[in-house]
Amino acid sequence: MPNFYFLTLFKTKKIQSIMKNKFFASILIFWVSIFFCDSIFSQTATIEQVKELLEVMSAEEQFISSMETMVEFQKQSGQSDLVPKDFFEEFIKETKAEFKTELMPQLEEIYRKNFTSKEVEELIALYKTEIGKMLLTKMPLVQSELATAGMQWGQELGIKVAQKLMSKE
């Protein structure tokens with residue numbers, strides 16, 4: 001009888017072990033299938049979708065506006081003394097001339113890489129609404145003010161850190 005009991009115990013533990021392994025295997029299969037299904041159903045945006053999004057967003061105008069703002073900051077900070085006289089004007093001229101051929105393809109690829117087809121469609125829908133249009137209109141000014149605040153803060157912080165380090169010497 002003890003031998004029989006040992007075999008029963010052995011079989012029960014073996015069955016339990018097999019059941020545990022099947023349970024963990026089932027969980028693993030479940031998570032792997034979720035991952036692959038998500039990858040399959042999250043289709044990458046098409047180039048046409050991204051082009052429409054960038055058009056609706058006025059990406060070219062937004063970017064050039066940002067570059068012009070940056071140039072103004074550079075001029076105000078005294079950087080214009082370090083470059084040839086017509087540098088900034090020529091820089092903006094070249095930016096406008098080369099944006100579509102040089103930078104736009106890169107923007108399109110970045111958007112395709114980071115947004116699904118569904119996300120791009122939803123962004124297009126957003127930017128066609130009144131609130132979306134308002135957001136696009138106000139963001140350049142907000143970004144400019146944020147940049148100014150960040151630069152001022154950075155300069156003040158730089159002075160503070162420099163003074164702190166000099167006082168240690």
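Predicted model: local features only at pLDDT ≥ 70, side-chain atom pairs only at ≥ 80, totals over all residues.
Student: What makes up the secondary structure of the protein?

Tutor: The protein has six helices and zero strands. Read from the N terminus, its elements run α-α-α-α-α-α.

Student: Why are helix 3 and helix 6 called roughly parallel?

Tutor: Helix 3 (residues 59–76) and helix 6 (residues 130–168) pack at an angle of about 25°, and their axes are 11 Å apart. Angles under 35 degrees count as roughly parallel, and helix 3 and helix 6 are therefore described in that way. Their crossing is right-handed.

Student: Which residues of helix 3 and helix 6 meet?

Tutor: From helix 3 these are Gln-62, Ser-65, Ser-66, Thr-69 and Phe-73, and from helix 6 Leu-136, Pro-140, Gln-143, Ser-144, Ala-147, Thr-148 and Met-151. By class, this contact of helix 3 with helix 6 holds five nonpolar, seven polar and no charged residues.

Student: Why are helix 5 and helix 6 called roughly perpendicular?

Tutor: Helix 5 and helix 6 pack at about 85°, with their axes 4 Å apart. The range for roughly perpendicular is 65 to 115 degrees, and the term therefore applies to helix 5 and helix 6. Helix 5 contributes Leu-126, Tyr-127 and Lys-128 to the contact, while helix 6 contributes Glu-130, Ile-131, Gly-132, Lys-133, Leu-135 and Leu-136. The residues of this contact of helix 5 with helix 6 are five nonpolar, one polar and three charged.

Student: How do you know that helix 2 and helix 5 are roughly parallel?

Tutor: The axes of helix 2 and helix 5 cross at roughly 25° and come within 9 Å. With the cut-off for roughly parallel set at under 35 degrees, helix 2 and helix 5 are therefore placed in that class. Helix 2 passes helix 5 in a left-handed crossing.

Student: What makes up the contact of helix 2 with helix 5?

Tutor: Gln-49, Val-50, Glu-52, Leu-53 and Val-56 of helix 2 meet Ser-117, Val-120, Glu-121, Leu-123, Ile-124, Tyr-127 and Lys-128 of helix 5. Seven of the residues in this contact of helix 2 with helix 5 are nonpolar, two are polar and three are charged.

Student: Which members of the largest nonpolar core touch the most other members?

Tutor: Leu-53, Leu-54, Met-57 and Tyr-111 do, out of 14 residues in that core. Helix 2 (47–56), helix 4 (87–114) and helix 5 (117–128) are the elements that give two or more residues to this core. Its largest share, four residues, comes from helix 4. Beyond its neighbours within four places in sequence, Tyr-111 is in contact with Val-50, Leu-53, Leu-54 and Met-57. As a general background, nonpolar side chains tend to be buried together in soluble globular proteins.

Student: Why is Thr-95 called buried?

Tutor: The relative accessibility of Thr-95 is 13%. Buried means under 20%, and Thr-95 therefore counts as buried. Thr-95 is located in helix 4. Apart from its neighbours within four places in sequence, Thr-95 is in contact with Phe-63, Ile-64 and Met-67. Thr-95 and Phe-63 are 32 residues apart in sequence, and their C-alpha atoms are 9.4 Å apart in space.

Student: What makes Glu-61 an exposed residue?

Tutor: Glu-61 has a relative accessible area of 52%. Exposed means over 50%, and Glu-61 is therefore assigned to that class. Glu-61 lies in helix 3. Its C-alpha atom is 9.2 Å from that of Lys-96, although Glu-61 and Lys-96 are 35 residues apart in sequence.

Student: Why is Ser-58 called partly exposed?

Tutor: The relative accessible area of Ser-58 is 30%. This class covers values between the cut-off for buried, under 20%, and that for exposed, over 50%, so Ser-58 is partly exposed. Ser-58 is found in the loop between helix 2 and helix 3.

Student: How much of the protein is buried, and what share of contacts joins residues at least 24 apart?

Tutor: Of the 169 residues in the protein, 17% are buried. Among contacts between residues at least 6 apart in sequence, 80% join residues at least 24 apart.

Technical notes. Residues numbered from 1 in each chain as written. Heavy atoms only, no water. Axes fitted to C-alpha atoms, helices over the stretch in contact; angles between N-to-C directions. Parallel < 35°, antiparallel > 145°, perpendicular 65-115°, else oblique. Left-handed = near helix turned anticlockwise from the far one by under 90°. Contact = heavy atoms within 4.5 Å. Nonpolar A, V, L, I, M, F, W, Y, C, P; charged D, E, K, R; others polar. Core = buried A, V, L, I, M, F, W, Y, C linked by side-chain atoms within 4.5 Å. Buried < 20%, exposed > 50% of the residue type's maximum accessible area, 1.4 Å probe, protein only.
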